[in-house]
Amino acid sequence: MFRNFKIIYRRYAGLYFCICVDVNDNNLAYLEAIHNFVEVYTVVDEMFLAGEIRETSQTKVLKQLLMLQSLE
């Protein structure tokens, strides 16, 4: 706890995502929000490579993500 706040964090592949929230807020809601952020970033990462557009087709991006998920 930091003053009147708490820090909620989650680790993904060696990265830590931290959020400072009110002590009365729901921890699980913020953990889910962090998870959703990571998933959205994964989609964006498939669309861009080194700052350049790699793919604009939603269908192709989703197909690639499904293939990557099946490997895990």
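Tyr 16 is exposed, with a relative accessible area of 52%. Here, exposed means over 50% relative accessible area, buried means under 20%, and partly exposed lies in between, with a 1.4 Å probe and protein chains only. The model is predicted, so local features need pLDDT of at least 70, side-chain atom pairs count only at pLDDT 80 or more, and totals for chains, interfaces and linings use all residues. Residues are numbered from 1 along each chain as its sequence is written, and side-chain values use heavy atoms, with hydrogens and water left out.

Helices and strands were assigned as DSSP runs (helices H or I, at least four residues; strands E, at least two) and numbered from the N terminus. Strand 1 covers residues 5-12 and strand 2 covers residues 15-22. The two run antiparallel and are joined by 8 bridges. Strands count as paired if DSSP finds at least two bridges between them. Within this pairing, Ile 8 has Ile 19 of strand 2 as its bridge partner. Arg 11 stands opposite Tyr 16.

Strands 1 and 2 form a hairpin, with 2 residues between them. Ala 13 is found in this loop. The phi of Ala 13 is near 45 degrees, a positive value in a residue other than glycine. Ala 13 is exposed, at 86% relative accessibility. Ala 50 lies in the loop between strand 3 (48-49) and strand 4 (52-53). The relative accessible area of Ala 50 is 78%, so this residue is exposed.

Aromatic rings were examined next. Rings of Phe, Tyr and Trp (its six-membered ring) pair if their centres lie within 6.5 Å. Planes under 30 degrees apart count as stacked, over 60 as edge-to-face, and the rest as tilted. The whole structure holds 3 aromatic pairs. One of them joins Tyr 9 and Tyr 16, with ring centres 6.2 Å apart. Their planes meet at 50 degrees, so the pair is tilted. Another joins Phe 17 and Phe 37, with centres 5.9 Å apart. Here the planes stand at 65 degrees, so the pair is edge-to-face. This pair links distant parts of the chain, since Phe 17 is in strand 2 and Phe 37 is in helix 1, 20 residues apart. Phe 17 is partly exposed, with a relative accessible area of 22%. Ring pairs also link Tyr 12, Phe 17 and Phe 37 into a cluster.

A salt bridge is a side-chain nitrogen of Lys or Arg within 4 Å of a carboxyl oxygen of Asp or Glu. By this rule, the count is 1 salt bridge. The side chains of Glu 46 and Arg 54 meet in it, at 3.7 Å from N to O. Glu 46 counts as buried, at 10% relative accessibility. Arg 54 is partly exposed, with a relative accessible area of 44%.

The surface was then searched for patches. Patches are made of residues with over 30% relative accessible area and no salt bridge. Like charges are joined within 9 Å, and nonpolar side chains (Val, Leu, Ile, Met, Phe, Trp, Tyr) within 5 Å. Areas come from the Shrake-Rupley method with a 1.4 Å probe, and for residues only the protein chains shown count as cover. Val 40, Val 44, Phe 48 and Ile 53 form a nonpolar patch on the surface. Together they have about 360 Å² of accessible area. Val 40 lies in helix 1, which covers residues 27-47. Val 40 is exposed, with a relative accessible area of 52%.

Helix 2 covers residues 58-71 and includes Ser 70. Ser 70 is exposed, with a relative accessible area of 57%. The side chain of Ser 70 reaches the backbone oxygen of Met 67 at 2.7 Å. Such a polar contact is a pair of N or O atoms within 3.5 Å; within protein, one must be able to donate a hydrogen and the other to accept it, and residues adjacent in sequence count only if both atoms are side-chain atoms. Ser 70 and Asp 22 are 48 residues apart in sequence and 38 Å apart in space, C-alpha to C-alpha. Leu 68 is also placed in helix 2. Leu 68 counts as partly exposed, at 31% relative accessibility.
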